[in-house]
Amino acid sequence: MGNIRPVTPHDVYLLAFERVGEVVHQVADGLTAEQAVARIDPDANPIGWLLWHLARAEDLQLAHLAGCDEVYPAYAERFTGDEGIGYQMSSEQVGAFRAESASALTDYYDAVAAQTKKIVPGLTDLDRVVDDSYDPPVTVAARLTSVIADVLQHAGQAAYVKGIVTP
């Protein structure tokens with residue numbers, strides 16, 4: 001057992017984010033353009049939008065925590081109909097979203113994941129308050145946990161929709 005080091009909170013956060021990437025790739029694997037925009041209900045979120053939205057959320061939130069730039073501008077031209085990070089988009093806006101391909105979704109997520117992998121170990125101030133408009137105030141640790149919960153939920157939704165729309 002000699003070289004085993006204690007597990008840190010950062011290790012746990014990184015492991016959770018790795019799981020998101022695994023699901024993103026599983027869902028995007030073999031995804032057709034038709035499946036990417038299929039809506040199982042007129043107002044349901046399609047797979048492509050869900051994968052884009054979860055990447056946008058992780059990108060924005062982690063960049064904000066670290067005080068660095070988002071990676072999205074380098075990938076934005078591969079998407080149409082995108083509005084911000086997808087928060088409070090109308091059903092029509094969600095329906096208008098398109099990714100040029102499944103690889104556009106995974107390429108963007110992989111870039112986000114690479115940045116996340118660099119950012120998380122540097123967040124040594126897990127108790128730092130990042131939003132005091134809540135009671136209790138939101139700390140770095142709470143924000144990381146919230147982002148993980150959100151993106152894993154969207155990854156699961158995308159996997160569920162793919163299971164329905166895939167023959």
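This is a predicted model: local features need pLDDT of at least 70, side-chain atom pairs count only at pLDDT 80 or more; totals for chains, interfaces and linings use all residues.
Local features need pLDDT of at least 70 and side-chain atom pairs count only at pLDDT 80 or more, while totals for chains, interfaces and linings use all residues. Residues are numbered from 1 along each chain as its sequence is written, and side-chain values use heavy atoms, with hydrogens and water left out.

**View 1. Helix 1 meets helix 5.** Here the axes of helix 1 (residues 9–28) and helix 5 (residues 102–122) come within 10 Å and cross at roughly 175 degrees. So helix 1 is roughly antiparallel to helix 5 (an angle over 145 degrees). Axes are lines fitted to C-alpha atoms, for helices over the stretch in contact, and angles run from 0 to 180 degrees between N-to-C directions. Helices are DSSP runs (H or I, at least four residues), numbered from the N terminus. Helix 1 brings residues including His-10, Tyr-13 and Phe-17 to the contact, and helix 5 brings, among them, Tyr-109, Asp-110 and Lys-117 (contact means heavy atoms within 4.5 Å).

**View 2. Helix 1 meets helix 3.** The axes of helix 1 and helix 3 (residues 47–66) come within 11 Å, crossing at roughly 155 degrees. That again makes the pair roughly antiparallel. Look for Phe-17, Val-20, Val-24, Val-27 and Ala-28 in helix 1, up against Ile-47, Leu-51, Leu-54, Glu-58 and Leu-62 in helix 3.

**View 3. Gln-115 and its contacts.** Gln-115 sits in helix 5. Gln-115 counts as buried because its relative accessibility is 18% (buried means under 20% relative accessible area, with a 1.4 Å probe and protein chains only). Beyond its neighbours within four places in sequence, Gln-115 touches Asp-59, Ala-63, Cys-68, Asp-69, Glu-70 and Val-71.

Note on methods
Helices (H or I, at least four residues) and strands (E, at least two) are DSSP runs, numbered from the N terminus. Angles under 35 degrees count as roughly parallel, over 145 as roughly antiparallel, 65 to 115 as roughly perpendicular and the rest as oblique. Buried means under 20% relative accessible area, exposed over 50%, partly exposed in between (1.4 Å probe, protein chains only).
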